[in-house]
Amino acid sequence: MSRRTAIVVGAGVGGLTAAMKLAHEGWRVELHEKLDVPGGRCGRIEGDGFRFDLGPTIMLMPFVFERTFASVGRKLSDYLQLVRCDPNYQVTFRDGATLTLTTELTKMREELERLEPGSFERYLRFLAKGRERHDVSLEHFVGKHFDSVAEFLTPSNLPRIFTVGAHRKLFGQVAQAFKDPRLQQVMSFQTMYLGVSPFEAPAVFSLLPYTELAVGVWYPMGGMGAIPRALEKVCREEGVTFHYNSEVKQIVVENGRAVGVALPDGRVSKADVVVCNADYPWAYKHLIDPKVSAKPELEKKRYTSSGYMLYLGVKRRYDELKHHNMFFGADFKGSFGDIFERLQVPEDPSFYVNAPAHTDPSMAPPGKDALYVLVPVPHQAPHLDWKIEGPKVRAKVFQRLAELGMPDLERDVEFERVITPDDWASSLNLERGSNFGLAQNMFQIGPFRPKVWDEKIQDLYFCGASCQPGTGVPTVMISADLAVQKINERSPAPHGARVGVKGLAAEGPTP
Ligand SMILES: Cc1cc2nc3c(=O)[nH]c(=O)nc-3n(C[C@H](O)[C@H](O)[C@H](O)COP(=O)(O)OP(=O)(O)OC[C@H]3O[C@@H](n4cnc5c(N)ncnc54)[C@H](O)[C@@H]3O)c2cc1C
């Protein structure tokens, strides 16, 4: 019996993970990627001896990566060298105060008590709740696919929904635990890792500060961009065929089934199943004939924020910076209102600076620094012209860093790249240039989020940030795992294939 065939659209972390797993299970897999390199948002920028991660810089939940590699019979450590960042990061507030977040509890006690006496005890309780939410959500929600609301709201799940706090807003809970506004900021801003305001995010995301403390913030040597390269290596070992610079123009549907993809040269490549990793809202709008299936409701959904990015190669090492640095602007709450409600750039923006060469010398020439600046900004909007907004934001970043003792930074820049929401939209096919895809607010998680399979078009599957379970590098690996599980369920594995490879969901919640 001949091997069954799959086409994967997109070499983001989701697409690579799906391709790797399918190939390992015996499918003949062909992958088409628009760009000339793997990784998508988890890609790299390189120039003049400097190397930067394009998007993600924070590696959480390393056990998901280990399990993903183990699911195809590989050891993660044979492909990636992970190191733990300590301290996790340094935060600078608008009043000039700083706070270093570390996994060392005695140091953490000193840091928290310095800003709010008595806060350490409450921090421990906050973490305990975060742990409970982490374990329950990973075991019962994140690793599972919900085909319907009824499957989500079962009698056994209802108490769990209350336990994880999916029905409450995160910031309110944080404000109950900490009185000092600076600690409230530090314990809630992590929802921006998902591009969602802490004032809108469900309380379940208090699992993020817990994960940072208990499991740690990790870094793969070579940067996050090393992850897709490692996945690509395994894919090639498993026989996946790669086609770069190959932007799929349409998912071809015949008699209600996805039968292949239309390629830029006009050819149609056929397969038994199509797995689409291009971001779901964009893909639905541009790759599927609306006469076959349309999802106008996607226009009304909430989208995550975008990022104005600076990638700066500078001619000296900036010891004032740690590997991860957060700089908060003056009006924490107002800035989220600007970004998410008013769709305007905050007057005094908060931003993040990544300086990976402080951990990994391969990221910059000796004695120099590779600095990545991410300023959270609204997704594309007709009134936002990035040719005007961009230089204003850039100037504010350099001004703030100058005030904090780095007055020569702008002069020290010898390599610079800028990415705006418009670039995110056009280069990676992200709807509205939204960095993290569909938002993960209460009504866009679980069964309310797009499924990894299509209800109307048979043999069409999806994986990635805007699908279940959600955005983030480890989460899109889980999404790919769910898609492959669904394929196996609905299109049984080919004769002679290696079946029974355990999915991530089956492995349980804890590291
Ligand atoms: C600035 C930024 C910071 C982030 N920080 C973090 C972080 O610190 N930690 C974390 O875990 N996550 C972070 N994330 C989120 C994380 O990067 C994403 O959730 C994840 O990488 C998305 O992977 P994906 O496979 O869903 O999609 P993508 O990475 O978008 O991959 C999709 C691929 O499909 C390709 N494609 C699109 N259309 C077509 C087509 N028609 N034909 C062929 N190919 C096509 C694209 O070129 C792309 O390569 C960050 C994201 C950004 C943008």
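Student: Is Phe415 buried or exposed, and what is its relative accessible area?
Tutor: This is a predicted model: local features need pLDDT of at least 70, side-chain atom pairs need 80 or more, and totals for chains, interfaces and linings use all residues. Residues are numbered from 1 along each chain as its sequence is written, and side-chain values use heavy atoms, without hydrogens and water. Buried means under 20% relative accessible area, exposed over 50%, and partly exposed in between (1.4 Å probe, protein chains only). Phe415 is therefore buried, at 12%.

Student: How many aromatic pairs does the structure hold?
Tutor: Rings of Phe, Tyr and Trp (its six-membered ring) pair if their centres lie within 6.5 Å. Planes under 30 degrees apart count as stacked, over 60 as edge-to-face and the rest as tilted. The number of aromatic pairs in the structure is 26.

Student: Is the pair of Phe52 and Phe415 stacked or edge-to-face?
Tutor: The two centres are 5.7 Å apart. The planes of Phe52 and Phe415 make an angle of 15 degrees, and the pair is stacked.

Student: How many residues apart are Phe52 and Phe415?
Tutor: Helices (H or I, at least four residues) and strands (E, at least two) are DSSP runs, numbered from the N terminus. Phe52 belongs to strand S4 (residues 50–53), and Phe415 to strand S18 (residues 413–419). This pair links distant parts of the chain, and its separation in residues is 363.

Student: What is the angle between the planes of Phe199 and Phe336?
Tutor: These two rings form a tilted pair. Their centres are 5.9 Å apart, and the angle between the planes is 55 degrees.

Student: Why does this pair tie together separate parts of the sequence, and how many residues apart are they?
Tutor: Phe199 lies in the loop between helix H8 (181–186) and helix H9 (207–214), while Phe336 lies in helix H12 (residues 332–342). Phe199 is partly exposed at 21%, whereas Phe336 is buried at 7%. The pair ties together those two parts because its residues sit in both, and their distance in residues is 137.

Student: Which three residues supply 26% of the area that domain 1 buries against domain 3?
Tutor: By an automatic or database domain assignment, domain 1 covers 5–82 + 223–301 + 438–507 and domain 3 covers 303–431. Buried area is the accessible area (1.4 Å probe) that two parts lose on being put together, summed over both. The two domains bury about 2500 Å² between them, 63% of it on carbon and sulfur atoms. The share of 26%, more than from any other three residues, comes from Phe50, Arg51 and Phe52.

Student: Which residue meets Glu431 in a salt bridge?
Tutor: A salt bridge is a side-chain nitrogen of Lys or Arg within 4 Å of a carboxyl oxygen of Asp or Glu. The N to O distance here is 2.9 Å, and the partner of Glu431 is Lys285.

Student: Over which ring does the charged end of Arg316 sit?
Tutor: A charge sits over a ring if NZ of Lys or CZ of Arg is within 6 Å of the ring centre and within 35 degrees of the ring normal. The charged end of Arg316 is 3.8 Å from the centre of its ring, which belongs to Tyr318.

Student: How many of the nine residues of helix H2 are buried?
Tutor: Helix H2 spans residues 62–70 and is largely enclosed by the rest of the structure. Its buried residues include Phe63, Phe65 and Phe69.
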